[in-house]
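Subject: Structure handover and findings

Dear colleague,

I am passing on the structure below for your own work. My notes on what was found in it follow directly after.

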Amino acid sequence: MSEAIGTEERDALDSLGGALGEAGAHALAGPRDELAEGLLRAAFALWEDPQVRPRLLGLLQAAVNSEEGADQMRRFLTDQLFAQAGRSIGISGMDIYQAAETIKVPVINVNAATSQVWGVVLMRYIVKLEPIASASAEELIALLKPTIQRYLG
């Protein structure tokens with residue numbers, strides 16, 4: 001596989017972005033203290049999907065193995081993901097800065113929350129470090145939820 005992100009990986013990113021955007025919109029409409037759980041459930045639903053996971057793994061591997069893959073991941077995280085989330089809540093062209101402003105947290109908090117999740121994903125699905133590799137999605141959501149909620153307020 002090329003180190004660049006291909007069509008299947010882009011489709012997986014679109015799925016992830018759309019699911020997280022919808023979860024974010026739903027969480028923002030509900031109690032603020034459920035924001036992290038909604039986002040984590042949406043992310044793990046996709047990561048646990050045997051049809052989507054290989055494509056997401058391809059994009060993650062490209063991101064850690066080449067500058068082109070890393071650049072594509074940065075563009076996805078800073079632009080596409082937040083644009084999709086923005087559409088779900090009626091904000092056209094939203095970026096990471098507008099997302100942070102919308103939930104009233106510093107931009108670095110959004111980066112920290114993202115890093116936390118991607119780090120667990122890396123350890124679970126690529127490094128396969130135990131016990132994270134065999135923990136249930138529910139266990140991981142319970143583990144990550146307080147930290148992500150603290151970052152996102």
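Lys-104 is exposed, with 71% relative accessible area (exposed means over 50%, buried under 20% and partly exposed in between, with a 1.4 Å probe and protein chains only). This residue lies in the loop between H5 and H6, and its phi is near 60°, a positive value in a residue other than glycine; helices, numbered from the N terminus, are DSSP runs of H or I with at least four residues.

Please bear in mind that this is a predicted model, in which local features need pLDDT of at least 70 and side-chain atom pairs count only at pLDDT 80 or more, while totals for chains, interfaces and linings use all residues. Residues are numbered from 1 along each chain as its sequence is written, and side-chain values use heavy atoms, with hydrogens and water left out.

The loop between H6 and H7 holds Lys-128, whose phi is also near 60°, again positive in a residue other than glycine, and which counts as exposed at 56% relative accessibility.

If neighbours within four places in sequence are set aside, Ile-148 is in contact with Ala-36, Leu-40, Ala-113, Gln-116 and Val-117, where contact means heavy atoms within 4.5 Å.

There are two aromatic pairs in the structure (rings of Phe, Tyr and Trp, the last by its six-membered ring, with centres within 6.5 Å; stacked if the planes are under 30 degrees apart, edge-to-face if over 60, and tilted for the rest). Trp-47 and Trp-118 are edge-to-face, at 5.7 Å centre to centre and 85° between the planes, and they join helix H2 to helix H6 across 71 residues. Trp-47 and Tyr-125, by contrast, are stacked, at 5.3 Å centre to centre with 15° between the planes. Trp-47 and Trp-118 are both buried, as is Tyr-125, and ring pairs link these three residues into a cluster.

Best regards

Terms used: Helix = DSSP H or I, 4+ residues; strand = E, 2+ residues; numbered from the N terminus.
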